[in-house]
Each structure stands twice: as C-alpha cells, then as structure tokens.
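Thanks, everyone, for making the time. Please have a look at the structure first, and then I will walk you through a few local details.

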Amino acid sequence: MKTLIKNTTVFDGDSSVLNNASVLFDETGILAVYMNGEAGVIAADTVVDGTGKYVIPGLIDCHVHMQEGFETANAVGAGATAAFLAGEVLRYGVTTIRSCGNGFDADIEVRNLVCNGVIKGARILASGKGICITGGHGWPMCYECDTEAEVLKATREQIKKKADVIKLLATGGMGTKGSNPNIAQLTEGQMRIAVEEAESLNLLTAAHCTGLEGAARAIRAGVRSIEHARLDRPTAELMKEYGAYYCPTIITRYNILHTNDPSLAWLKSKANPQDLIEKERAIRLCLELDIPVCASTDSGTGPLCPLGPSTAQELAIYVEYGMTPMQALRSANKTAAEMLKLENEIGTIHVGKCADLLLLDKNPLEDIHNLDSLLRTYHNGVLAYYKI
Ligand SMILES: [Zn+2]
C-alpha cells in the first residue's frame with residue numbers, strides 16, 4: 001500500500017533538511033522523495049498532509065535489553081517480556097533496537113518471530129547470551145568463560161543460534177550485585193578471539209566497559225562498539241585509532257542517580273554524581289575527536305529505564321552535553337545504522353531504504369524534546385503507531 005506524506009519538512013537522518021518535501025513509500029521501501037511540492041499529482045493509497053509537520057527516520061537504539069528486571073526468572077517470562085517490548089518501542093518512534101544481552105536468548109527468538117511476521121515489532125539485532133568471566137558482571141545472562149578456548153566455544157554457540165552481535169563483558173558493572181565496575185574482566189586475547197570469529201562472518205561485537213583498563217583491552221581487541229565507558233582522552237584517542245564506535249548509555253546512570261526507590265538503594269550506592277560529569281566529558285571528547293556516537297540507553301532492565309521513552313531522553317542528554325539536535329538525531333539515525341552495518345537499509349530517508357519513518361508535530365531540530373510530539377510511526381512502510 002503506497003503512502004504519501006505531503007508538503008512536509010524532512011530531516012534525512014544525516015545532515016540535510018528538505019523543506020516543502022513529500023515522501024512516497026510502501027512496504028518495499030522509500031519509493032520517492034519529492035522536492036518543492038512536485039508530488040501534487042502522484043497517486044497513493046493514503047495521502048497524509050504533512051504541512052507544518054516534520055518527518056525523520058525511525059530512531060535506532062544501539063544498546064537495550066528486553067527484560068523486566070536485572071535477573072529474569074524463567075524462559076517463558078523472558079520470551080513474553082521480550083515479545084511485548086518489541087512492539088512497545090514503536091509507540092516511542094524506535095524502529096530498530098540492538099539487544100545486548102538476554103540470558104534466555106529470548107531476544108533472538110522474538111527477532112525470529114518478528115521477521116516471520118508472527119508478532120509485530122521493531123527490527124531487532126540480538127546478542128542472546130553474553131560472554132563474561134566466571135562470576136563476572138552479567139553472569140546470569142552469560143556464558144562464564146575463563147580461557148580463550150571457552151570464549152571461542154561460547155562465540156560459536158551464539159553464532160549457531162544466529163545471534164547478530166557477540167556481547168562481551170570486559171569489566172565489572174553496576175547491575176550485578178557485588179561487582180566492581182572498574183575491574184577489568186575478560187582479557188584482550190579472549191576478546192580478540194571472539195572478535196575474529198564474529199568479524200569473519202560480518203557479525204557485530206559489543207563490549208560492556210565501565211572501567212578504562214577493560215575499555216582499552218576491548219578497543220585493542222578490535223571490538224566494534226564500546227558500551228558505557230566514561231572515556232578519558234587516552235581512551236578516546238585509542239578508540240579513534242581503532243575506529244571504534246561509542247555507545248554512551250547515559251540515561252540509565254542518570255536515572256540510577258535520581259531514583260528514590262528503596263529496593264534500588266544498593267544500585268544507587270554504586271553510582272556517583274561525578275559519573276555524569278565524566279559522561280559529559282566523554283561526549284565532548286567524541287565531538288572533538290570525531291568519534292562516532294551511537295544512540296544507546298541500556299534501557300529495558302526494569303521500570304528504572306523503560307525501553308522506548310528512554311531513547312529520546314538519551315538524545316536530550318547528548319544535546320545538553322554539547323551536541324546540536326541534528327548531531328543527536330544523527331546518532332540515532334545514520335551513525336547507528338553504520339555501526340550496525342545496516343546503512344544501506346535504514347537510518348536515512350533516501351530512495352530504496354526501508355520506510356522506517358516518524359511524523360512529528362514539532363521540529364526536533366529546533367528542540368530535541370520535540371521528539372515527544374510523535375504523531376505516527378511507520379515501520380517497513382506500515383503504520384505501526386499513531387496518536388489518537
Ligand atoms: Zn547493557
């Protein structure tokens with residue numbers, strides 16, 4: 001079914017803004033982008049008047065979990081939760097998510113169900129189980145590996161299950177009780193084994209890195225995206241040298257620092273207000289050194305940071321920390337798509353790309369908070385959410 005959004009303002013997901021433009025699309029992708037009112041006589045099954053409104057690509061969140069809490073009870077609960085969240089994110093304009101760890105591989109199963117049309121949901125790139133050291137951060141959702149051979153075996157197990165990304169736990173972390181986030185865990189050699197295996201099949205790798213020693217190991221091992229790390233200048237320069245992408249996931253830490261939930265007091269006690277100052281420094285270093293930043297939240301581990309609304313909140317923090325609204329949007333569009341090796345399919349509004357499109361009532365380039373004015377989400381050319 002062909003849809004035409006007419007006479008609107010289009011941000012292409014990279015650096016272009018088209019005024020008085022129209023976008024024609026269907027389930028096969030974006031069919032045409034018309035300039036200056038040229039679309040006047042184009043036939044479409046549905047015509048949407050976009051006058052005074054804004055069209056941007058669907059948002060991509062490069063680091064989520066599809067769980068109800070830090071420790072999911074069983075496979076049935078994990079599957080049901082992941083299936084629900086896959087659809088839920090579309091209500092917030094998030095059309096692609098990368099799931100970075102699920103102890104029951106529920107994200108892989110739900111991805112398959114979405115791909116097969118059994119359930120409706122966002123595009124999912126899934127890691128399933130991660131790889132950590134014995135008793136290391138995230139162990140309930142990971143293979144526990146202590147040798148390069150064990151890491152290789154675990155990597156191949158996930159490849160056999162058709163994981164899109166191999167998730168490596170390079171340091172301790174916040175969400176595992178008793179874990180010290182600054183301690184390095186997997187070795188550089190162990191991570192390199194996983195990277196070589198994954199890269200040989202053009203798969204993605206991501207490393208959870210809180211402390212900088214673990215981050216440096218992951219970067220030198222060639223991991224494609226560095227998650228969470230606070231980044232000092234030497235680490236940022238190392239990322240630049242190795243061409244690593246940065247997934248900041250700031251909103252989670254922000255919410256941990258601001259929660260008053262007594263059941264999360266143990267988590268809050270591990271956080272420090274200084275963390276946000278260091279995260280701001282990280283964003284500013286990336287801007288200075290031209291390190292690609294990918295929108296990422298670490299959301300979906302419970303009510304503290306829900307999957308869906310957290311993505312726009314994360315982008316607002318990037319703007320607060322020095323990005324222009326266009327740079328923040330690009331982190332959730334073109335840059336994220338490149339990191340996911342999907343730049344030929346998603347992330348920009350160009351003919352031939354998938355029709356993942358958002359219609360907004362207000363201009364997000366003027367104020368990033370205007371992402372809240374979402375009117376419609378189109379996913380693969382189909383209306384997946386509309387505001388009543
Ligand atoms: Zn995570």
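**Backbone angles, a zinc site and a helix**

Asp-105 counts as buried, because its relative accessibility is 9%, which falls under the 20% limit for that class. Please keep in mind that what we are looking at is a predicted model. Asp-105 sits in the loop between strand 7 (94–99) and helix 2 (106–115), and its phi is positive, at about 55 degrees, although Asp-105 is not a glycine.

Where does Thr-249 lie? Thr-249 is placed in the loop between strand 14 (245–247) and helix 7 (250–258); its phi is positive too, near 45 degrees, again in a residue other than glycine, and with a relative accessible area of 4% Thr-249 is buried.

Turning to the metal, which residues coordinate the zinc ion? The donors are His-63 through NE2, His-65 through NE2 and Asp-298 through OD, at 2.1 Å, and their spacing in sequence reads H-x1-H-x232-D. Distant parts of the chain are linked here, since His-63 belongs to strand 6 (residues 59–64) while Asp-298 is in the loop between helix 9 (274–289) and helix 10 (309–320), 235 residues apart. His-63 and Asp-298 are both buried.

Finally, helix 5 (residues 212–220) has Gly-214, Ala-215, Ala-216, Arg-217, Ala-218 and Ile-219 buried, and the buried residues of helix 5 pack against helix 4 (188–200), strand 12 (204–208), strand 13 (225–227) and helix 6 (233–242). Just after helix 5 comes Gly-222, with a positive phi of about 90 degrees.

How values were computed:
Residues numbered from 1 in each chain as written. Predicted model: local features only at pLDDT ≥ 70, side-chain atom pairs only at ≥ 80, totals over all residues. Heavy atoms only, no water. Donors = N, O, S within 2.8 Å, 3.2 Å for Na, K, Ca; no water. Helix = DSSP H or I, 4+ residues; strand = E, 2+ residues; numbered from the N terminus. Buried < 20%, exposed > 50% of the residue type's maximum accessible area, 1.4 Å probe, protein only. Contact = heavy atoms within 4.5 Å.
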